[in-house]
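Let's take a walk through this protein together, starting with the whole and then moving to its parts.

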Amino acid sequence: MLFTVSKQLILYCLYALTAMEDNNFAGRLLAWYHENRRNLPWRNTHDPYIIWISEIILQQTRVAQGYDYFLRFMERFPDADALVSATEDEVLRCWQGLGYYSRARNLHAAAHQIAEQGGFPKTYEGIRNLKGVGDYTAAAIASFAYGLPHAVVDGNVYRVLSRFFGVEEPIDTGGGKKYFASLAQALLPEGRESADYNQAVMDFGALQCVPNSPRCIDCPLSDGCVAYRDGRVSEFPVKSRTLKVKERYLHYMYIEAEGEIALFKREGNDIWRGLYEPFLIETNGPCGVEELWAGTEVPEALRAGDAVLTFLCGGVRHQLTHRTLICDFCKVELKAKPQDFGRPVCWVSPHEAAGFAVPRLIAMLFEKFGLC
């Protein structure tokens, strides 16, 4: 243990010296950035609201995927007042398909915080106290909106720094995160260049030092990169554990009666909270339609003699970060609406259903079978 601590201290001192030596690392990154920077709408402003929206959208989301969502979100909610005035359902509907829906709920809650405070906070601590804002997002907003000297550390930064300096500290541990945060802060230039440097290191990781097949041959930092020198580029960044993926078996029933369909709002702390979906039964493993239909999870009203059950598809796989969803989809046609599902139900016309926020999986199923 003593050896490990000493090694860390020695490495940190070497990194700090490298950073101070003519600001070589930062200087070359900035030169690369001025030639290769991405022209993104949230970079042409210092408005903290716009920067905040972009940063929340880009959490766990690639720029190519989040770009159009950002434009639509800003058109619908151009300022914090518009976001405060909206309902949570409206915010979720605008977010539909982007995933990680807690981000949208947190945005809505944080907009209320901003309104109560009389405006967007202007300090790192104030920004960090907003709902859904972590260390990285607070540093990004503080840097890009106000020019405050806070280094950003995201997946791109972990990759660039770990490869260049050969850092073997795992990025998925508390100690490793603190280590990289300290290193990133030590490398941050002073003054107005700090914001550009933060953008530069993230763009460098997104465009040049990418996860797979990085462009090492024409990399302006390759002559000082430890990972490239040692032929170990694919080994960085280091992680201490592998994410376990859990399989979940979902059985959806699209219920239609009297010209309307039944939608149910997801509650609790599970995935997709606040979104709508057809009637759902979840099992611990694969389950055939006949077995499921005969089980106690199906309300008696659905098993009435006039029910027409149509199996639409089965075994549809939908991948989330740490879950694989395996979905079966059926259609149930009834003459009359059941009175009791054991949970609140919303009966709407297929046309009205298009105005409800649903998970991407459900939207794909609806589209595949021409529903809603």
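What follows goes from the overall fold to packed helices and then to a few loops.

A word on the ground rules before we start. This is a predicted model, in which local features need pLDDT of at least 70 and side-chain atom pairs count only at pLDDT 80 or more, while totals for chains, interfaces and linings use all residues. Residues are numbered from 1 along each chain as its sequence is written, and side-chain values use heavy atoms, with hydrogens and water left out.

Let's begin with the whole protein. It has 16 helices and 7 strands; here helices (H or I, at least four residues) and strands (E, at least two) are DSSP runs, numbered from the N terminus. Taken along the principal axes, the C-alpha atoms fill a box of roughly 80 × 45 × 40 Å. Of the 372 residues, 47% are buried. Buried means under 20% relative accessible area, exposed means over 50%, and partly exposed lies in between (1.4 Å probe, protein chains only). Now consider the contacts, meaning heavy atoms within 4.5 Å. Among those with a separation of 6 or more, 66% are between residues 24 or more positions apart.

Next, please find helix α4, residues 63-76. Its 14 residues reach 20 Å from the first C-alpha to the last, close to the 20 Å expected at 1.5 Å a residue. The expected span is 1.5 Å times one less than the number of residues. Which residues of α4 are buried? They are G66, Y69, F70, F73 and M74. The cover over these buried residues includes α3 (48-57), α5 (80-85), α6 (88-95) and α7 (102-117).

Let's look at one of these neighbours, α3. Two packed helices are described by the angle between their axes and the distance between the axes. For α3 and α4, the axes come within 10 Å and cross at roughly 140°. Axes are lines fitted to C-alpha atoms, for helices over the stretch in contact, and angles run from 0 to 180 degrees between N-to-C directions. The two helices α3 and α4 are therefore oblique to each other: angles under 35 degrees count as roughly parallel, over 145 as roughly antiparallel, 65 to 115 as roughly perpendicular and the rest as oblique. Their crossing is right-handed. A crossing is right-handed if the near helix is turned clockwise from the far one by less than a right angle, and left-handed if anticlockwise. On the α3 side, Y49, I50, I53, S54 and I57 meet G66, Y69, F70, F73 and M74 of α4. The residues of this contact divide into 8 nonpolar, 2 polar and no charged. In this count Ala, Val, Leu, Ile, Met, Phe, Trp, Tyr, Cys and Pro are nonpolar, Asp, Glu, Lys and Arg are charged, and the others, Gly among them, are polar.

Helix α7 is worth a stop as well. Its 16 residues should span 22 Å at 1.5 Å a residue, and its end C-alpha atoms are 22 Å apart, which agrees. The buried residues of α7 are R103, A104, R105, L107, H108, A110, A111 and I114, and what covers them includes α3, α4, α5 and α6. Just after α7, G118 takes a positive phi of about 85°.

Helix α9 brings Y136, S143 and F144 to the contact, and α12 brings S194, A195, N198, Q199 and M202. Here the residues divide into 4 nonpolar, 4 polar and no charged.

Finally, let's visit the loops. Most residues other than glycine have a negative phi, and most peptide bonds are trans. Q60, in the loop between α3 and α4, has a positive phi near 60°, and it is exposed, with a relative accessible area of 61%. E258, in the loop between β1 and β2 (260-265), has a positive phi near 55°. Where is the cis peptide bond that joins F236 and P237? P237 is found in the loop between α13 (226-229) and β1 (246-257), and omega of this bond is about -5°.
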